Amino acid sequence: MELKIKMLDEHAILPTRGSEKAAGWDLYANIPDPIVIAPGKMAKISSGIAIELPEGTFGGIFARSGLSTKKGLRPANCVGVVDSTYRGEVFVALHNDSDEIKYIHHKDRIAQMIIMEY
């Protein structure tokens with residue numbers, strides 16, 4: 001499957017897959033300064049990229065298992081949706097389910113996107 005990705009910022013990182021058979025593409029934070037997420041709060045994180053998905057598909061934005069189980073961070077809407085017609089920047093809203101302040105830094109892997117047919 002071919003993804004057309006537009007870098008919206010020179011510091012953005014292209015999505016990557018952990019292996020050739022990985023289901024998801026890791027999305028990376030593209031932020032100039034660390035973002036603080038207080039317990040029970042949410043922050044909208046920039047990826048610095050726009051994606052053109054094939055017609056008849058969408059990008060499901062899911063939690064990365066390590067981020068959710070080790071840090072207590074998950075997508076605020078549980079599963080985000082990037083429609084094939086959407087051409088804007090991909091953002092990930094992360095919610096802090098833990099009792100501690102969490103930090104997101106530039107280049108942190110913040111979610112995974114799985115391309116799905118509908």
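A strand here is a DSSP run of E with at least two residues, numbered from the N terminus. In this predicted model, Val-90 lies in strand β8, which covers residues 89–96.

- Val-90 is buried, because its relative accessibility of 3% falls under the 20% cut-off.
- Leaving aside residues up to four places away in sequence, Val-90 touches Leu-27, Ile-45, Ser-46, Ser-47, Ile-49, Ile-51 and Val-82.
- One of these contacts, Ile-45, stands 45 residues from Val-90 along the chain, and the C-alpha atoms of the two are separated by 8.9 Å.

**Positive phi angles**

- Most residues other than glycine have a negative phi.
- Cys-78 is not a glycine, yet its phi is positive, near 70°.
- Lys-107 is likewise not a glycine, and its phi is positive at about 80°.

**Where these two residues sit**

- Cys-78 has a relative accessible area of 49%, so it counts as partly exposed, between the cut-offs of 20% and 50%.
- Lys-107 counts as exposed because its relative accessibility is 51%, and exposed means over 50%.

How values were computed. Residues numbered from 1 in each chain as written. Predicted model: local features only at pLDDT ≥ 70, side-chain atom pairs only at ≥ 80, totals over all residues. Heavy atoms only, no water. Buried < 20%, exposed > 50% of the residue type's maximum accessible area, 1.4 Å probe, protein only. Helix = DSSP H or I, 4+ residues; strand = E, 2+ residues; numbered from the N terminus. Contact = heavy atoms within 4.5 Å.
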